[in-house]
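Biologist: I have a new model open and I'd like a quick tour. Can you walk me through it?

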Amino acid sequence: MQFREDDCRLRRGHAPAVMVILRRAAMNLVRPVQQHFRPDLSIGLLRDKIGRNPVLLAPILT
């Protein structure tokens, strides 16, 4: 539970399915950064670090 899914209020229509796709896409962006830079750091802490310094994600996106 990396994105606090239990606190999410989206429960009707297509919103839950769309959020699953977006969360999965975000995790797929974070995993290569974790393997390349900090394999010892948890996904949650790495997400927090990338949130404060988005430059860490730049090499993976280019």
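Modeller: Start with the contacts. In the protein chain, residues 24 or more positions apart account for 32% of the contacts with a separation of 6 or more. Contact means heavy atoms within 4.5 Å.

Biologist: What kind of model is it?

Modeller: This is a predicted model: local features need pLDDT of at least 70, side-chain atom pairs count only at pLDDT 80 or more, and totals for chains, interfaces and linings use all residues. Residues are numbered from 1 along each chain as its sequence is written, and side-chain values use heavy atoms, with hydrogens and water left out.

Biologist: How many helices and strands does the protein chain have?

Modeller: Three helices and zero strands. From the N terminus, the order is α-α-α. Helices (H or I, at least four residues) and strands (E, at least two) are DSSP runs, numbered from the N terminus.

Biologist: What share of the residues is buried?

Modeller: 18% of the 62 residues in the protein chain. Buried means under 20% relative accessible area, exposed over 50%, and partly exposed in between (1.4 Å probe, protein chains only).

Biologist: New topic. At what angle do α1 and α2 cross?

Modeller: Roughly 95°, and their axes come within 10 Å. Helix α1 covers residues 15-36, and helix α2 covers residues 43-52. The axes are lines fitted to C-alpha atoms, for helices over the stretch in contact, and angles run from 0 to 180 degrees between N-to-C directions. So α1 is roughly perpendicular to α2, a term for angles of 65 to 115 degrees.

Biologist: Which residues meet there?

Modeller: From α1, Met-27, Val-30, Arg-31, Val-33 and Gln-34. They meet Ile-43, Leu-46, Arg-47 and Ile-50 of α2. Six of the contact residues are nonpolar, one is polar and two are charged.

Biologist: Which residues of α2 are buried?

Modeller: Ile-43, Leu-46 and Ile-50. They sit on the same side of α2, because they cover an arc of only 60° around the axis. That arc is taken from the directions from the helix axis to the C-beta atoms. The buried residues of α2 pack against α1.

Biologist: And which are exposed on the other side of α2?

Modeller: Leu-45, Gly-51 and Arg-52.

Biologist: Back to Gln-34. Is Gln-34 buried or exposed?

Modeller: Gln-34 lies in helix α1. It counts as buried, because its relative accessibility is 16%.

Biologist: What does Gln-34 touch?

Modeller: Pro-39, Leu-41, Ser-42, Ile-43 and Leu-46, not counting residues up to four places away in sequence.

Methods:
Angles under 35 degrees count as roughly parallel, over 145 as roughly antiparallel, 65 to 115 as roughly perpendicular and the rest as oblique. Ala, Val, Leu, Ile, Met, Phe, Trp, Tyr, Cys and Pro count as nonpolar, Asp, Glu, Lys and Arg as charged, and the others, Gly among them, as polar.
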